[in-house]
Amino acid sequence: MNLLHEVFRLSPELALFLSLAVGTWIGKLKLGAFQLGGVAGALLIAVLISQVGVTIDSGIKNVLFAVFIYAVGFESGPKFFSSLGRRTLREIALALVLVITSLGTVVVMAKMFALDKGIAAGIAAGALTQSAIIGTASAAISKLGLDPAQLQQMQGNVAVGYAVTYIFGSLGAIIICVNILPKIMGRTIREDAIKAELEMMQGAPVLAAGQQPALPGLVGRVFLAGPASGKTVAQIEATADPLFPVTLERLKRKDKVISVTPDMQLTDSDVLLLVGRRKGIISLAPSLGRELDADEGPEMIMQSSEVLLTNPALTGKSIGQLRHQISREARHGVFVTTLRRGDTLLPFRDDTVIQHNDVVTLYGSEQDIQRAVALAGPPLIKSPKTDLMFHGFGLSVGLIFGLLVVHIGAVPLTLGSGGGALLSGLLFGWYQARKPLTGNMPLPASGLLRDLGLAGFVAVVGLQSGLQAVDTVRHNGISIFLIGIVVTVVPLMITLFIGRYILRYDNTAVFAGALAGTRSANPAFGEILDKAGNAIPTAPFAVTYGLANVFLTLLGPLIVALV
């Protein structure tokens with residue numbers, strides 16, 4: 001034990017990364033359908049390691065949490081602001097239900113077990129994982145007119161109640177949001193996250209890395225000219241359905257590959273490479289000769305490119321108008337595969353209106369794509385590098401937001417570093433979606449910030465408070481710990497049932513994100529994101545999280561007044 005203590009004294013960061021490694025492994029183990037998850041596993045292992053005595057700076061915890069919550073906000077900024085409005089009234093109601101039931105539960109338990117104001121406020125801070133309650137409750141206690149000894153003891157009791165209950169406060173939220181909620185909903189978080197993403201993507205398939213459709217909409221096929229002999233290239237292309245265009249890209253004549261021109265006439269032995277919409281090629285096939293294997297046709301490299309629509313001549317007009325405005329020559333050989341605005345996929349219909357900075361994905365030969373880029377706007381080049389200037393400034397702005405304090409009477413309200421970083425991430429993510437050429441952050445980079453930030457934050461909390469929590473339980477009995485379990489579980493379960501059966505949440509992923517946010521339950525949210533596999537739970541979480549930071553902070557003086 002002394003050896004381990006000395007090792008961790010010399011290298012406290014070893015305790016952190018050991019908690020992450022072993023905790024993640026523990027979190028992968030399954031007991032039936034139950035799986036603890038890496039975040040909860042890191043917390044438990046950190047508590048265990050803390051028993052040998054580990055001193056780790058709180059600045060590490062603050063940095064890890066700031067980068068986690070900023071990355072979450074950055075990814076969800078466009079979705080968050082597009083979802084604001086009447087649709088968020090349900091999230092506001094859910095957050096209020098959690099706060100009211102939490103206050104009622106704490107007051108009832110304090111009366112039943114004769115808890116003093118300090119212990120009661122500390123239990124609320126820990127069981128609800130809202131550290132700001134410590135500050136607001138301590139400030140309210142200081143105004144009770146107690147003598148210095150009583151004041152110090154009661155304020156110390158706030159810290160004791162917090163230390164004993166915080167760990168299950170984090171773990172209980174994970175169990176309820178990640179394991180119990182899907183059982184009640186009857187569907188997994190992942191199933192409903194995919195469903196919601198498909199709806200957002202207008203029915204387009206959502207493909208993971210390494211996946212591709214078995215029947216892509218754009219295809220290349222090789223035919224003999226056959227019956228099309230004597231026709232020109234332009235005549236062949238004009239035969240295809242205008243809604244499903246086809247381009248004759250190249251032909252092979254007497255084993256020689258030839259670049260085509262619109263007025264070139266075909267011979268019956270020409271081998272034609274057709275590229276276009278599957279439906280268009282199928283409709284054109286009967287007028288051509290037999291289809292050949294790919295290796296018998298002329299080879300050609302096609303490319304896909306994302307383009308930012310900035311040309312004023314194109315924006316503000318519908319796709320139907322642009323079909324008539326843009327000449328057939330300019331459109332020749334260029335196929336649109338997707339059209340999106342921020343993270344929202346737009347339907348490619350004649351009545352869809354193009355806006356400035358919409359992003360279109362084009363498919364075609366290199367020369368055709370270059371022609372289209374010159375007409376539409378600059379290409380969006382996917383860089384593997386993160387714009388550290390942009391995001392460093394974004395985090396700085398968020399931390400400044402977190403320093404601001406607004407007083408409502410004698411109650412100080414502040415976003416704190418977490419709330420400030422989340423707000424800044426939302427704003428900077430929204431801005432980057434509107435100006436995609438700035439503020440690049442590849443998904444693997446934001447994923448690393450989220451995973452390492454959250455798991456590291458939770459591990460540091462366990463390393464810092466685990467020894468004190470276990471020691472307090474040993475000396476003061478287990479009653480505070482059990483009361484903390486009640487305060488963690490009862491409000492969440494009441495809120496869960498009200499959300500399901502009264503507020504009518506019907507998507508497991510969306511509901512899980514909203515429920516975790518009502519408790520500012522960042523570890524639970526991290527597990528929800530991991531189960532979802534996409535950012536669907538983030539928008540409801542961002543709404544309820546922001547509300548919870550304000551509402552739960554107000555519980556401190558209310559508990560002091562009512563207990």
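Which residue in β11 does V336 stand opposite? I opened the notebook with this point and found that V336 stands opposite L362. I note at the outset that the model is predicted.

**Entry 1: strands around β9**

I looked up the two strands concerned. Strand β9 covers residues 335–341 and strand β11 covers residues 358–364; they pair in the antiparallel sense over 5 bridges. I then turned to strand β10, residues 344–345, which pairs with β9 over 2 bridges, again in the antiparallel sense. Within β10, I recorded L345 as the bridge partner of R340.

**Entry 2: the open sheet**

I next traced a sheet of 5 strands. The sheet is open, its order is β5-β4-β6-β3-β7, and its pairing is antiparallel. I asked why one side of β5 and of β7 is left without a neighbour in the sheet. Strands β5 (256–259) and β7 (291–292) stand at the edges and each has a single partner strand, so one side of each lacks a neighbour there.

I followed β5 to strand β4, which spans residues 246–253; the two run antiparallel and 4 bridges join them. In this pair I located L251, which stands opposite I258 in β5.

**Entry 3: a charged patch**

Lastly, I examined the surface for charge. I found a negative surface patch formed by D293, D295, E296 and E299. I checked where D293 lies and placed this residue in the loop between β7 and β8, the latter being residues 303–309.

Conventions. Residues are numbered from 1 along each chain as its sequence is written. This is a predicted model: local features need pLDDT of at least 70, side-chain atom pairs count only at pLDDT 80 or more; totals for chains, interfaces and linings use all residues. Side-chain values use heavy atoms; hydrogens and water are left out. Two strands pair if DSSP finds at least two bridges between them. Patches are made of residues with over 30% relative accessible area and no salt bridge: like charges are joined within 9 Å, nonpolar side chains (Val, Leu, Ile, Met, Phe, Trp, Tyr) within 5 Å. Accessible areas come from the Shrake-Rupley method with a 1.4 Å probe; for residues, only the protein chains shown count as cover. A salt bridge is a side-chain nitrogen of Lys or Arg within 4 Å of a carboxyl oxygen of Asp or Glu. Lys and Arg count as positive and Asp and Glu as negative; His and the chain ends are not counted. The place of a charge is taken as NZ of Lys, CZ of Arg, CG of Asp or CD of Glu.
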